[in-house]
Amino acid sequence: MTARAITLGGKAVDPALEELALCRRIVAGESQLFARIVDQHGGFVASVIASRGVAPADVEDLAQQVFISAYKALGGFRGEAKLSSWLFRIAANAAQSHLKRQARRPRLESMEQAAEDGRETADQRAEPSGQWIGNRALAAAMQRLPERQRTPLALYYFEEMSYEEISAAMRMNLNTVRTQIRRGKQALAKHLDPAALDI
Amino acid sequence: MGVENYNREELAERLLRAERGFALSPDFRRRVMAQVAKLPPPALIPPPRRLSPGLLCGGLAGLLALGGGALLLLPGGGMLDGLALELAARNLSLSWGSSSVSLDLLTAAALGAGLALLGGFSAAASRLRLISG
């Protein structure tokens with residue numbers, strides 16, 4: 001079935017209403033429309049997860065899990081918050097749980113043993129957090145920022161979201177978003193290591 | 001190119017603007033939709049079951065009763081011989097050897113209600129934090 005345009009009496013509708021209408025159609029059984037949500041919010045979800053410190057090698061799998069969880073719980077989405085805000089909560093919680101699991105996971109094999117066998121350990125496979133950013137100096141400086149600055153900065157610059165969109169998604173006051181981005185940028189400038197700059 | 005020519009904040013801004021978001025693989029949507037295709041419509045998926053505080057307390061009480069019964073039935077069940085339980089009009093006294101605990105029943109009821117409320121709030125809060133529409 002092809003996706004129909006969502007209109008109300010032939011007029012363009014409020015994006016929030018459109019979002020809710022889309023979700024209701026998916027809940028009712030038009031599950032193929034979920035692809036629109038994946039397309040629209042995929043980058044955002046991945047950026048939220050990566051900005052929380054999840055290793056780049058794990059980000060895509062976790063983003064996939066976030067979308068499956070969101071699909072299963074979509075019946076509970078009542079449009080009281082924006083869809084991005086709802087997804088943000090799921091993504092942030094998934095990242096937090098993942099990091100807790102990683103921290104608890106016992107080191108079952110020693111690096112020496114793995115080296116003898118000619119295998120890579122998980123530590124060697126996973127790039128250090130922050131390597132999802134191309135510029136190494138920027139990545140290192142970003143990692144030194146607190147999460148409350150890192151996530152808004154990533155969403156503003158990498159996902160090109162507006163202050164208003166970030167405020168709605170993170171349920172953060174608009175002025176706080178502005179302040180955190182400004183302070184984050186100042187802190188970033190301080191942490192940038194000129195020796196590591198590849199410009 | 002020397003970095004000393006740049007204002008550090010301008011440089012940070014320039015570097016940030018040069019980056020793009022996390023690059024998802026081209027088949028990311030296909031992989032998500034392949035999993036979605038295996039699932040029923042969300043309307044038919046029951047909400048995740050959570051252990052209610054009442055059920056939790058019931059389970060705990062059942063486990064205690066089972067444990068107590070097992071201790072009585074075991075050959076070494078004599079360890080309970082020294083346990084004296086006394087239920088007065090408004091007091092519950094429990095003594096074992098030289099140790100004894102006495103609890104006012106009203107206090108016990110208030111404590112139980114408080115714990116149940118706390119459990120209920122925690123369960124509701126964790127659910128709201130995970131998925132809030």
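**Exercise 1. Determine whether A:Phe34 and A:Phe67 are buried or exposed in this predicted model.**

Solution. The classes are set by relative accessible area with a 1.4 Å probe and protein chains only: buried is under 20%, exposed is over 50%, and partly exposed lies in between. Both A:Phe34 and A:Phe67 are buried; for A:Phe34 the relative accessibility is 1%, so this residue falls in the buried class. The model is predicted, so local features need pLDDT of at least 70 and side-chain atom pairs count only at pLDDT 80 or more, whereas totals for chains, interfaces and linings use all residues. Residues are numbered from 1 along each chain as its sequence is written, chains are lettered from A and ligands numbered from 1 in the order in which they are written, and side-chain values use heavy atoms, with hydrogens and water left out.

**Exercise 2. Describe the aromatic pairs that A:Phe34 forms with A:Phe67 and with A:Tyr71.**

Solution. Rings of Phe, Tyr and Trp (its six-membered ring) pair if their centres lie within 6.5 Å, and planes under 30 degrees apart count as stacked, over 60 as edge-to-face and the rest as tilted. By this rule there are six aromatic pairs over all chains. In one of them, A:Phe34 and A:Phe67 stand edge-to-face, at 6.3 Å centre to centre and with 80° between the planes. Because A:Phe34 lies in helix H2 of chain A and A:Phe67 in helix H3 of chain A, this pair ties together parts that are 33 residues apart in sequence; helices here are DSSP runs (H or I, at least four residues), numbered from the N terminus. A:Phe34 also pairs edge-to-face with A:Tyr71, at 5.3 Å centre to centre and 75° between the planes, and this pair ties together parts of helix H2 and helix H3 of chain A that are 37 residues apart in sequence. A:Tyr71 is buried, at a relative accessible area of 0%. Finally, ring pairs link A:Phe34, A:Phe67, A:Tyr71 and B:Phe28 into a cluster.

**Exercise 3. Characterise the interface of chain A and chain B.**

Solution. Begin with the contact (heavy atoms within 4.5 Å), which takes 61 residues from chain A and 37 residues from chain B. The two chains bury about 4200 Å² between them, 65% of it on carbon and sulfur atoms, where buried area is the accessible area (1.4 Å probe) that two parts lose on being put together, summed over both. Next, four salt bridges are found across the interface, each being a side-chain nitrogen of Lys or Arg within 4 Å of a carboxyl oxygen of Asp or Glu. The side chains of A:Asp39 and B:Arg29 meet in a salt bridge, at 2.8 Å from N to O. On the side of chain A that touches chain B, the largest share, eleven residues, comes from H3(A).

How values were computed:
Helices (H or I, at least four residues) and strands (E, at least two) are DSSP runs, numbered from the N terminus.
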